[in-house]
Amino acid sequence: MSGLFEEIHEQPAADVPTRRVSITVNGDKRVAQVEPRLLLAHLLRQGLKLTGTHTGCDTTNCGACTVLFDGKPIKSCTMLAVQADGHEVTTVEGLAGASELHPIQEGFKDEHGLQCGFCTPGMMLAAKALLEENPDPTEDEVRWALSGNLCRCTGYQNIVKSVMWAAKKMQAQSAS
Amino acid sequence: MTAVAENTEVGRARLRKEDARLLTGRTRWTDNIAVPGMLHMAILRSPHAHARINSVDVSAAAAAPNVVAAFCGKDVAETQGVLACAWPVTEDIVMPTYLPLAVTEVRHVGEPVAVVVARDRASAVDALQLIEVDYDPLPVVLDIEAALAEGSPLVHEDKGTNKCYTWVFDSAAAGSGGDVAGVVADAEITIKRRYVQQRLIPSFMEPRSVIVEPAAGEGGSWTVYSATQIPHILRFLLAATTGTPEHKIRVIAPDVGGGFGGKLAVTPEEWIAFAAANRVGRPVKYTETRSEAMVSAHHGRDVIQDLTLYAKRDGTVTGLDVKLLANMGAYLGIVTPGVPLLGAFMYNGIYKFPAYRFECTGVFTTTTKTDAYRGAGRPEATYAIERIMDELAAEVGIDPMEVRRRNWIRHEEFPFGTVAGLTYDSGNYEAATDKAMQLLGYDELRAEQAARRESNDPKQLGIGISTYTEMCGLAPSRVLGALRYGAGGWESASVRVLPTGKVEVVTGSSPHGQGHVTSWSQIVADQLGVPFDDVEVLHGDTRTSHKGLDTYGSRSLAVGGIALVMASQKVREKARVIAAHMLECSPDDVEFADGAFRVKGSPEASKTIADCALAVFAAHNLPDGVEPTLDSEATFDPEGFSFPHGTHLCAIEVDTETGEVAIRQYVCVDDVGRVVNPLIVEGQVHGGVAQGIAQALYEEAVYDAEGNLLTSSFADYTLPSSADLPDIVSDRTETPATSNPLGVKGVGEAGTIAATPAVVNAIVDALRPFGVIDVQMPCTPERVWRALKEVIA
Amino acid sequence: MIPAAFDYIRPSTVEDAVNALADAGEEGKVLAGGQSLLPVLRLRLAAPALLVDLGGLSQLRGIREDGDMLVIGAMTTHAELAASSVPLLAQVAATVGDRQVRHRGTLGGSLSHADPAGDLPTAAVALDAQMVLAGPHGRRTVAASDFFVDLFTTALAPDELLIEVRVPKLQGWQTHYTKVGRTAQAWATVAVAAAVRRENGSIAQARVALTNMGPTPVRASAVEQALAGVAVDGDAIAAAAAHAAEGTAPASDTTASAEYRSHLAKVLTRRALLAAVGR
C-alpha cells in the first residue's frame, strides 16, 4: 500500500508476526503488511479497496472471488495473501482498458449475461482463462469451464452466450 | 387512458444501462461501503435447536483486543424492538414474539444470542469465542405432523399449541363455485395424492449486509444501508417497532444482489445492527458469512400437500380438495403465514372445474423460519395441479396434453371467473401450447419414447408438461386487505423534467438485478418522446424515493410501471398547456407525436418537452395559473392481479440403472403480455426456469434429528452450475393484459412456477410403464432408483 | 469467514519443512494447495498454531520418468496432472472439483487429506502407487493400500510429508474412471477406477478401485479375481462387476444411502470396465 500514513492492522488479536507481501495487482506492484491468516480476497477488497472481487461462500463453491493468479483462474477466498507474495493477480478492475471494455465484458453486456452482477466478475475471469486456453470452445466446454462459478439469476443461458460472443470477437481481433 | 404515445422504445431489446458499472467492478454493494468511524459486528448464534438461556457472559469478549462492546439480548431487551409479521391471516392466528436477539430462549440453530462490536471484523469474530452461554436444551420439534399431535413438545410454551392457524377457502361459501362434498358421490374417478414440497434455501449469491449510522445526538438522524429488496418497508417497520421517528430514518438499498424473495425480509441482523450502533454511538457494519445466511436467512416452501381430484371418465375434472400442512419454522417472518394463501387461488390452474376447497394449517417447528421464495405459494399450487393432471391422464388413458385441453379455459372464454374466485382477464393457452409442442417436437418424442419402451432401453425417455398460469403483480390493496395483509399493494413513481429537457424518474420499486433502470427508461422515453439516454432512473434510497412498496411478487412493472406511465402522462399534459401557450393556441388544438407538440393541421411549428422544460425554468411567460414545474407524481393501485401463463415442456432421459436424469430438451413458451424489453424478459425466464429445475432435481434443506441444518453450506446444499443445467429454448406469445394500460404481466416468477412440475412430470412419465407414479423432490439419482426399485420389487 | 490466527512459514527445502513440523508437533499443519484446508480453517473446524506452506518447494512439482515408473511430485497440481499423460491419474485429476480448484489443488495434498470421497486416492490405490514420505529420520516408501488408514487418516506421522508418488507406466493397459455426483462440482457419490490389461482377446489382469465405498478407497478384489482370464465380453464383465460391493462399508449421508452406493458401485464398475476396454 502506499501513502504517507497508514494504520497498521490494530493490535493483532493473536501473537503472530505480520508479513510483508508484495503482489502485482492489475499491473501495479502493491505492498502490504498482513497477518498470515488474511485471505487474498480480503486483502483485495479491504486492503487494496478492489471491491470488484466478491466473496459469496465459505467453502470454495461459489467462485464469486475468482481472480487470475499468474494468469490462471483461482478462488481468492481459498488462498492466503502470504501465498500470493511475489505473484501476479488480475481482478475485474484490470479487465477493461481506460476507455474500452474487454471483449468478454462486451459479450456479457451484449448477450445480457448478467442480472444482479454479483457473480459476474468471477464469471468473466474464469471465462478469460478459458478463452486463453481454448479460443474456440463449444457451448458444452464453456459450461464445464464455468462449473466452479455459481449464478442464481441467469440460469447460465446468457452467460454461455456471452462467452461464445467474446470468443468470436477475440478470434476476429486476433485474425485481423 | 392510452398508454403509449409513441412506441419506439417499448418492445426493443435495449442493452442495459446498469451493466457498465457491474462489468467493471465499480459497484456499491453494502459490503463495499465504508463510512467514517465504522465498527464491525459479529454475532454469536445458538448451536441448539431449542434451549433455555440461563446466562450469557460477555465480559471476556468485551475485554478482548480491539473490542468496543459486547452484549446479549438481555442487555438490549428494552430497546431492540421486535420483528413484525405483516400478515396475520386469520383472526385467531398464533403470533409469537420475535426478538432480534434471543433473551430467554432459542428456537432454532443459528438464532442470534450475543454480539461483539470491534474495530475490525477479525477481532469481532475472534472475541465471539470468549462469550460463555449456559443453555438448558429443550425438546426439539421438527416433524410438522408430529408437532400437531397431542402431547407434542411445544415451540412456544406460552402459546399452548404448535398450530399457527388454519385458513380455509371453499368455493361454495365464496360463491365462486359448488361444494366439493357434492361432487364426491358422482365422481367416476377419484385420485388422491400426497406431494411434498421440500424445504428450500433461496441462496441469493450476495450475502446480506447492513450498515447503521446512528444519530449524532438529539435531533440527529439514522442512515441504514442494507442489502434488501424492501427499503421502504424496512424504514416503516424500523420506525414502528423501535420507536425511532420515521422521518429521521433514511434507508438505502445500494447495489443489491438478487433476491428471489430471500431479501424480502426485515431481519434480526438489521435490528441488531441498529441496536448495536445506538449502543456504541458509532456506525456499525455487519456482513453475514454464507454459513450464517444458511441458518438465519429465511427458507422457502416446506409444505405437505394432500390432494383429492374428482373427475369423469372422459377426463373432465369435477372438483378438487386441497389440504396443506405448512411449516412456519420457529417464528413468523414478514409474510410467512400468507405464503400458502398466495397459492390458494391457484390450485385450479388454467382449468375450469366447478368445485374447490382449500385448507391450510400453519405449524411451528424449531427450525429456521420459512417465508417468500421465488413464486411463494404459486409454485406449490402449480406443481400439485400439474402433477395430478398427469395422474388423471394416466387414469383415463389419454395423452396428458389432451386431458389438459379438455379442461382448460378456451381463449374465447376470457375474461373468466375461476372457481377460486379470481377473474383471469386474458390468456390464450392454445396458442402457447401449440407453439411449445412444435418447438419441442412433441409427436416425434412420443414416437421415440414408444420405441425405447419397446426395446427395454436402459435409458428411458420422459416428456413433461406444465401448462401453468399464476397470479402476480401484488397488488390490489383492497384484495390484500381482505386477506388481512397488513399493507397495500400500490406503487409510486415520479417524473421530473430538468431545464435542459433531461428526465429524472424516481421509482418506488427496488431493483436487484431486474434492470428497472433500463426498462423504466424505455417506458418514459416513449411517453415523453425523449431519447432513451436522456432518462435517468433513481431508486433504492428513501430520501429520493420517499414512497414505495418495493420489489417482489413480480409486481414492479405491472404496478410500478403503470404508476410511471401515469406520472409521465401528467407531465405530458402539463407540457401540453405550456406548449399550446407558446404555440399561441388552445391546448385542445395541440397534438403530441414524434416527441413534439404541434398545432393540428399546421405541423411546421412544434415544441418539444425540452422546450417546455426550458420555458418552465425561465417562467417568464407561462399561462395564467400554471405552476413553474414540469414534474409529477403518481400512485397506481390495480383492480386485479396479472396472470401470466405458458406451456413448459421438457424431455428427460432417465438412466434406469443409476437413477440419474438428464434434461435433453427444455422448451418454454410464456405469455407475459406486452413486453417492454425482450432481452430482460428472456433473462427472467431463464433464471426462473433454472430455479424451478433446481427444486425438481437438486436442492433440499435437510435437518438432523437434533435440529441441526446438515445442508449448511454450498458444499452440502447443492446449487446447480452451468454444467448441470440444460440449454433453455424460450419463446413467447403475446396476449396483452387488459387489467393495465400497458398490457403487461409479471415475469419474475413465472419460470420457477412452471418448471418444477414439467421436470418431475417428465421423470414420472419415463417411468410410468414400470408403475412409478411419484418421485419425491429433489429427484436425486437415489430417489429415482428407489422409486423404480419399489415398484419392481 | 475468517480463520483463527496462526503463524506461517514457507520453507524452501523438504528438510526445513519436516523440521518445522517436528517442532510444531500437534499444533502444525501442512498447507499444500489449500483447497481442502482453507475452507476448514475458515469454518474454524480446525485452528492450528502453525501452517507450513509447501508452496516454496518447487522441487516437488512436476512429473519425471524413472525406468518403468513415473514419479509425480507431491506439489504437482490437478491441472498439471490433467494435462499430462499419466495413465488414469490424468483422467481422474480432470474430474476433481472445478477449474479454479484444479489450478491450486495438489496431488500430495489430495492424497494426504484422504477424503473418502476423493478421486485421486482411489486412482492411487488402483495403480498400486508407492508413496514416498520424508520425515526427520529420512525417507520411506509406503504402498497406496497401506497409506490410507481410515477416514481422513493416513500412514503419515505428524512430522512426515508426502513428497512424491511413484506409479507404474502401465504400458499396454487401458484405464477409465466413472463417477456419479450430485452436481458438476460435487464430491463423488461413488466412483470407480478401472485398469485392464488384455492378452489374446481376454483379460489378463484387471485392477478396480472404488471411491466413497468406505472410509478409505478400496480395491474390488472379488471383481479383479472374477475378471482374470475371462473373455473381453459384456456379459463376463457384467458378471464380474456384480461382485463390486463385496467387502465394502459405504456410509449413509445426505447425498446417498449405503444401499444405493452399493448398487451404484456394481453398475459403475461394469461401465468403467466396459469403457476401459472400449465397449
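1. Which residues are buried in α1(A)? In this predicted model, the buried residues of that helix are A:L40, A:A41, A:H42, A:L43, A:L44 and A:R45. Helix α1 spans residues 40-47 of chain A and is mostly covered, with six of its eight residues buried.

2. The surroundings of this helix can also be described. The buried residues of α1(A) pack against β2 of chain A, which comprises residues 28-34. After the helix comes A:K49, a residue with a positive phi, near 60°.

3. Chain C contains an open sheet of three strands, in the order β1-β3-β2 and with parallel pairing. Its edge strands are β1 (7-9) and β2 (28-31) of chain C, each of which pairs on one side only. On average, and with direction ignored, neighbouring strands of this sheet are turned by 25° against each other.

4. Within the chain C sheet, β2(C) and β3, the latter formed by residues 50-53 of chain C, run parallel and are joined by four bridges. C:K29 has C:L51 of β3(C) as its bridge partner. In general, strands of a sheet pair through backbone hydrogen bonds, in either a parallel or an antiparallel manner.

5. Turning to the contact between chains A and B, 46 residues of chain A are in contact with 45 residues of chain B. Four helices of chain A, namely α2 (103-110), α3 (120-133), α4 (139-145) and α5 (157-175), each supply at least two residues of the side that touches chain B. By class, this side of chain A has 21 nonpolar, 18 polar and seven charged residues.

Conventions
Residues are numbered from 1 along each chain as its sequence is written. Chains are lettered from A and ligands numbered from 1 in the order in which they are written. This is a predicted model: local features need pLDDT of at least 70, side-chain atom pairs count only at pLDDT 80 or more; totals for chains, interfaces and linings use all residues. Two strands pair if DSSP finds at least two bridges between them. Axes are lines fitted to C-alpha atoms, for helices over the stretch in contact, and angles run from 0 to 180 degrees between N-to-C directions. A residue is buried if 20 or more other C-beta atoms lie within 10 Å of its own, exposed if 12 or fewer, and partly exposed in between; C-beta atoms are placed from the backbone. Two residues are in contact if their C-beta atoms, placed from the backbone, lie within 7 Å. Ala, Val, Leu, Ile, Met, Phe, Trp, Tyr, Cys and Pro count as nonpolar, Asp, Glu, Lys and Arg as charged, and the others, Gly among them, as polar.
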